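Subject: Structure for you to look at

Hello,

Here is the structure I promised. Please open it alongside this email; my notes follow below.

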Amino acid sequence: MTFNPEKMLNRVVQEVPPSGIRKFFDIVAEMKDAISLGVGEPDFVTPWHIRDEGIYSLQKGHTHYTSNKGLTELRCEISNYLKRRFNLSYEPMSQTVVTVGGSEAIDLLFRAVVEAGDEVLVPEPSFVCYKPLVRLAGGTPVAITTKAENSFKLTAEELKAAITPKTKLLVLSYPNNPTGAIMTREDLEDIADVLRGTDIMVVSDEIYAELTYGRHHTSIAEIDGMYDRTILVSGFSKAYAMTGWRLGYACGHPAIISAMTKVHQYGIMSAPTTAQYAAIEAMKNGDADVALMREEYNDRRKLIVNGFNTIGLDCFEPEGAFYAFPCIKSTGLNSNDFCEKLLYDQKIAVVPGTAFGESGEGHIRCSYAYSLDNINEALNRIEAFVKKTR
Amino acid sequence: MSEIKNLEKIVELLHKNCKLSLEQVAAIAEISTTEAAEAIDSLEKNGTILGYGAVINWDNIPNRNKVVAYIELKVTPQRNNGFNRIAQQIYQYPEVKSLNLMSGSYDFGVTVEGDNLKDISLFVSEHLAPMEAVLSTATHFVLKCYKDDGVVFVAEAEDDREVIS
């Protein structure tokens, strides 16, 4: 009997659609002189003193597993950091687990909490991983469409309309990839008002928390009645330019963290040891580096948003992360066609908004994790293309 | 933004890239184009912005024979004028590309450019060393420039990030 691998595959894995941007990825990767505004990671390199600590830890021979939840010293530094920067108190031993990126923390939470029949609310446009991970955990993702006229914030009305008796969990991801939207304290209070009367949990993906411009980030965990039900997920990738180190963390109620740790210990054992030692240095001494990078991103943000508005691609002001989400409806093209034609005409890669949910139609995601010169060049080429469409 | 913060942001931007347009400077500094133009004008007039020049890696210009030396000067400060009078005498020479008053074991750090080692050595021996206030000179020749004024000169690794992520 011939072995048929297709028949062996998990049904959910087969049904989860492949990433909508894969074909662009392949074309852009082969195109010479293409400028890609499609990246989702900083152009900065991890600050040297952080890299040096990682290297030093290897020289000292720290090449073994750490405790499942992560190095004690790192968990203490995470606790200190969250208190210092965001006024949040999490006990390092029982309320913190160090993970392989914020992505693993999200996955652990879903696997620890979501069961067949559970609905998980995902405001869209959103990071591409949430819905597939919910499905792989056996749950049902329910998209909530956020709107440009609300600056892509989740509103209380939208949330209320999406809640059903099966709703287990709300995914909040602000500052947001792909829109750059943030939720202020007042916005989060409105959401909390809806949630307080329920037992719906929240997973708050705050990986871009350090990258807010003009106002300090507020976590929903800080809002009255939200602390116990919220799992805060964050990491080192965006703030410290440590994407390749693969390190993140989750903080929350001891019972939830303990369950997440159970899954983590069987699947991963512990997060990379070298990365953990480097991360201790980042938490202790990295505030100034983060501030410098944030200032640099802010300059680029202002340049790119002004640039799109000048071109006639209406762009609401993103107040967080490093993405702009301009509207391309004035060109008469849909997101996919705009991106494809722009790529071939001007060798500029941007990501169609539909890659992040149907509500992204009519928009494109443009990263400004690039030098001012590159952004300038990209804007010039986009302008040339847009003029041709009119 | 306060007025002072605007000016600092404007000079920082122009220092990094003076090819930014007025509109771009205005957008990043969060002021109007008119305000940006007025600010730049006042900065030029009050001697804050002293020029606009490209940063050049001269090693890439073939057959360009120039040598750069860094000279440590020890001097005797002059009565009533301190070091300023001496500095004025030194920086008037077109060969002198930079001049800084330093703390530590010498007084002036001088960058001199010439066509070859001999030219620079002659400049030092015939013009700098004989100056009345100069006590001693120590000349060092630049072999390779890695970084200057915040700009890295050596070839950097290409952007190796995944093109879409």
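With which residue does Lys16(B) form a salt bridge? The partner is Glu296(A), and the closest N and O atoms are 3.0 Å apart. Please keep in mind that this is a predicted model.

**Between the chains**

The count of salt bridges between chain B and chain A is four. Contacts involve 15 residues of chain B and 25 residues of chain A. The size of an interface is often given as the accessible area lost when the parts come together. Here chain B and chain A bury about 1,800 Å² between them. Carbon and sulfur atoms hold 53% of that area. On the chain B side, Arg161(B), Val163(B) and Ile164(B) lose the most area to chain A. Together they make up 40% of what that side buries.

**A surface patch on chain B**

Ile56(B), Trp58(B) and Ile61(B) make a nonpolar surface patch of about 260 Å². Ile56(B) sits in the loop between helix H3 (33-45) and strand S1 (67-75) of chain B. Is Ile56(B) buried or partly exposed? It counts as partly exposed, because its relative accessibility is 33%, and buried means under 20%.

**A helix in chain A**

Helix H14 of chain A runs over residues 372-389, 18 residues in all. From its first C-alpha to its last it reaches 26 Å. That is close to the 26 Å expected at 1.5 Å a residue. Buried residues in H14(A) include Leu372(A), Ile375(A), Leu379(A), Ile382(A) and Val386(A). Asn376(A) and Arg381(A) are also among the buried ones. An α-helix has 3.6 residues a turn, so residues three or four places apart point the same way.

Best wishes

Conventions. Residues numbered from 1 in each chain as written. Chains lettered and ligands numbered in written order. Predicted model: local features only at pLDDT ≥ 70, side-chain atom pairs only at ≥ 80, totals over all residues. Heavy atoms only, no water. Patch = residues over 30% accessible without salt bridge, like charges linked within 9 Å, V, L, I, M, F, W, Y side chains within 5 Å. Areas by Shrake-Rupley, 256 points an atom, 1.4 Å probe, with all protein chains shown as cover. Salt bridge = Lys/Arg side-chain N within 4 Å of Asp/Glu carboxyl O. Helix = DSSP H or I, 4+ residues; strand = E, 2+ residues; numbered from the N terminus. Buried < 20%, exposed > 50% of the residue type's maximum accessible area, 1.4 Å probe, protein only. Expected span 1.5 Å × (residues − 1). Contact = heavy atoms within 4.5 Å. Buried area = accessible area lost by both parts, 1.4 Å probe.
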